[in-house]
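Trainee: I would like to go through the side-chain contacts of this model with you. Please show me the sequence and structure before we start.

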Amino acid sequence: QEQLVEAGGDLVQPGRSLTLTCRASRIIGNRYVIEWYRQAPGKEREAVACITFEGALKKYADFVKGRFTISRDNAKNIVFLQMNDLQPEDTTVYYCAAASQLSPAYCPLDESAAHDAWGQGTQVTVAS
């Protein structure tokens with residue numbers, strides 16, 4: 001069973017940047033997709049970004065394109081979410097999730113897809 005731990009959430013001013021990390025453990029030998037989701041209180045969880053195991057394919061939700069960048073370092077079992085030009089509407093809890101790499105181009109960016117593990121989340125707050 002994979003375990004995921006997010007970190008990096010903080011309080012920042014609008015226009016500033018943050019880098020979230022998702023560290024995976026006990027997944028040696030498995031090829032997995034990592035996705036970032038976010039969920040604000042009272043709202044549905046929404047997909048943010050996805051990256052395949054080799055890092056060749058990345059997908060982003062429209063509302064973060066051009067601002068967020070997902071990357072990974074498999075040697076360290078860590079995935080990054082670089083978030084630039086943060087806005088108050090980005091305030092929420094961010095979660096990472098792992099899914100088996102079903103095919104080379106599999107990057108669902110879909111909460112309804114099967115996921116092997118979810119992290120506990122990290123809070124990002126954007127305010128003046």
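**Side-chain contacts**

Mentor: Begin with K65 and D62, whose side chains meet in a salt bridge (3.2 Å, N to O); the term requires a side-chain nitrogen of Lys or Arg within 4 Å of a carboxyl oxygen of Asp or Glu. The model is predicted, so local features need pLDDT of at least 70 and side-chain atom pairs count only at pLDDT 80 or more, while totals for chains, interfaces and linings use all residues. Residues are numbered from 1 along each chain as its sequence is written, and side-chain values use heavy atoms, with hydrogens and water left out.

Trainee: Is K65 buried or exposed?

Mentor: Buried means under 20% relative accessible area, exposed over 50%, and partly exposed in between (1.4 Å probe, protein chains only). K65 has 52% relative accessibility, so the class for K65 is exposed.

Trainee: With which residue does E111 form a salt bridge?

Mentor: E111 lies in the loop between β9 and β10, and its partner is in the loop between β4 and β5, 66 residues apart. The closest N and O atoms are 2.9 Å apart, and the partner is R45.

Trainee: Over the ring of which residue does the charged end of R45 sit?

Mentor: A charge sits over a ring if NZ of Lys or CZ of Arg is within 6 Å of the ring centre and within 35 degrees of the ring normal. R45 is partly exposed, with a relative accessible area of 25%. Its charged end is 4.0 Å from the centre of the ring, and that ring belongs to W118.

Trainee: What is the angle between the planes of Y37 and W118?

Mentor: Rings of Phe, Tyr and Trp (its six-membered ring) pair if their centres lie within 6.5 Å; planes under 30 degrees apart count as stacked, over 60 as edge-to-face and the rest as tilted. Y37 and W118 form a tilted pair, 5.0 Å centre to centre, and the angle between the planes is 50°.

Trainee: Which strand holds W118, and which holds Y37?

Mentor: Y37 counts as buried at 0% relative accessibility, whereas W118 is partly exposed at 27%. The pair ties together parts that are 81 residues apart in sequence, because W118 lies in strand β10 (residues 117–118) and Y37 in strand β4.

Trainee: How many aromatic pairs does a search of the whole structure find?

Mentor: Besides Y37 and W118, Y32 and F53 form an edge-to-face pair, 5.6 Å centre to centre with 65° between the planes. Y32 and F53 are both buried. For the whole structure, the number of aromatic pairs is two.

Trainee: Which residue lies over the face of Y32?

Mentor: Y32 lies in strand β4 (residues 32–39). At 4.6 Å from the ring centre of Y32, the residue over the face is R72.

Key: Helix = DSSP H or I, 4+ residues; strand = E, 2+ residues; numbered from the N terminus.
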